[in-house]
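Welcome! Let's take a friendly walk through this structure by way of questions and answers.

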Amino acid sequence: MFPVEKIRADFPILQRQVNGKPLVYFDNAATSQTPTIVIDAIVDYYSNYNANIHRGVHSLSQEATDKYEEARIKIQQHFNAEKAYEIIFTAGTTHGINMVASGFSELLKNGDEIIVSALEHHSNIVPWQMLCEKTGAILKVIPMLQNGTLAMKAFDQLLSENTKLVFCNHVSNALGTINPIKEIIEKAHSVGAAVLIDGAQATPHIKPNMQELDVDFYVASAHKICGPTGVGILYGKEKWLEKLPPYQGGGEMIETVTFEKTTYAGLPHKFEAGTPNICGGIAFGVALDYMNTIGFDKIANYENQLLQYGTEKLQEIEGLTIYGTSNKTAVISFNIKEIHPYDIGVILDKLGVAVRTGHHCAQPIMNFYKIPGTVRASFAFYNTKEEIDIFIAALKKAIMMLS
Ligand SMILES: *Cc1c(COP(=O)(O)O)cnc(C)c1O
């Protein structure tokens, strides 16, 4: 038995009420909630050893530096990166993607091709479009199929010796589809292209293995994995991080500075200009420890039960369409007849149920289905079947009021 009641006690926010009703939080794909142990780590940092890192000889600075670098090693181990300095702290997934896209602007030339999947979050589309404008590279798209998966045969046809870079999310935030990234990486490598995987939506459910995947870049955000906002990681293979130019200039990323010439620091500091989110990095490490103590296999298994239960209950509702029906994480994106998703979201909120409505930063997917958006319920390991029952009852009420 998955100890969900014990786990729920770790999350203070789950005790609160919203609009006079107990909170049912089903917006985990947008951000996850924070356990006490992570909140305590944040309070501990600011109460006891807040100091700038790497530069100070004084004790507090060294303590903070040690804790921050310990967090990097925890993250390295979690992602099974070969080297700790292949983990670059970022402000989050979006930041990590922009770092790579900006670096590639110096490596691409006119006519080079880069490939994106149709299932991407805007943050894994727009930086590449900007890159194409700057370099004259051409953006190609792996199309999607009706069931919310990628058309892998079409991907084969897009690949050529002109392909320099392929980027795709590990899991789609809008639909929950788990993409065949191992296959995508192998195929891209067979034509000599590098691969960036957006792991923002996968990392709350799956423990990804950098060396086994043989991926070139992988990005994630702490706030979707029970950590704080404003911190994340870019994993990059050493050879790629060496090749890419620094993203920002400033303190911390230099070796020597004169007005004639500056030499850059080695990895990871080359990509970590300025004072980072020290507390956030440390708290991210604590969040991963917390999740690993529960175990990602157990988390995925339990969430899968919630997904099945929720799907069955929703399918009983007349006129309801679920988008994305193949191999996925605990995300259910749906619409009901002609009712606008926003209206459903507003009524659910009045009844204490938090879901997301709209295009989920993935307008191309909505265009594919010819819909303005969906209602998205996304479950985490601290959710329960009882909460799904409350959600279903609230949804039926909303449908009655709106039709
Ligand atoms: C949330 C999300 C992002 C953006 O993450 P930020 O933390 O906002 O930078 C990108 N891609 C996917 C798949 C996501 O789920």
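Q: Which elements are among those that cover the buried residues of H12?
A: Contact here means heavy atoms within 4.5 Å, and helices (H or I, at least four residues) and strands (E, at least two) are DSSP runs, numbered from the N terminus. The cover over the buried residues of H12 includes strand S14 (331-336), strand S15 (353-354), strand S16 (356-358), strand S17 (374-378) and helix H14 (385-402).

Q: What kind of model is this, and how are its residues numbered?
A: This is a predicted model, in which local features need pLDDT of at least 70 and side-chain atom pairs count only at pLDDT 80 or more, while totals for chains, interfaces and linings use all residues. Side-chain values use heavy atoms, with hydrogens and water left out, and residues are numbered along each chain as its sequence is written, from 1.

Q: Which residues of helix H12 are buried?
A: Buried means under 20% relative accessible area, exposed means over 50%, and partly exposed is in between (1.4 Å probe, protein chains only). In H12, which spans residues 341-350, the buried residues are Pro-341, Ile-344, Gly-345, Ile-347 and Leu-348.

Q: Which residue just after H12 has a positive phi?
A: Phi is about 90° at this place just after H12. The residue is Gly-352.

Q: Where is Lys-337, and what is its phi?
A: Lys-337 sits in the loop between S14 and H12, and at 46% relative accessibility it counts as partly exposed. Most residues other than glycine have a negative phi. Lys-337 instead has a positive phi, near 40°.

Q: Is Val-215 buried or exposed?
A: Val-215 lies in the loop between helix H8 (210-213) and strand S9 (217-221). Not counting residues up to four places away in sequence, Val-215 touches Ile-185, Val-195, Ile-197, Met-210, Tyr-235 and Lys-237. With a relative accessible area of 0%, Val-215 is buried.

Q: What is the phi of Asp-214?
A: Asp-214 is also found in the loop between H8 and S9. At 37% relative accessibility, Asp-214 counts as partly exposed. Its phi is positive, near 60°.

Q: How do the axes of H10 and H11 cross?
A: Axes are lines fitted to C-alpha atoms, for helices over the stretch in contact, and angles run from 0 to 180 degrees between N-to-C directions. Angles under 35 degrees count as roughly parallel, over 145 as roughly antiparallel, 65 to 115 as roughly perpendicular and the rest as oblique. The axes of H10 (residues 278-294) and H11 (residues 296-315) come within 6 Å. They cross at roughly 70°, so the two helices are roughly perpendicular.

Q: Why is the pair of Tyr-45 and Tyr-46 edge-to-face?
A: Rings of Phe, Tyr and Trp (its six-membered ring) pair if their centres lie within 6.5 Å; planes under 30 degrees apart count as stacked, over 60 as edge-to-face and the rest as tilted. The structure holds 19 aromatic pairs. The ring centres of Tyr-45 and Tyr-46 are 4.8 Å apart, and the pair is edge-to-face because the planes lie at 85°.
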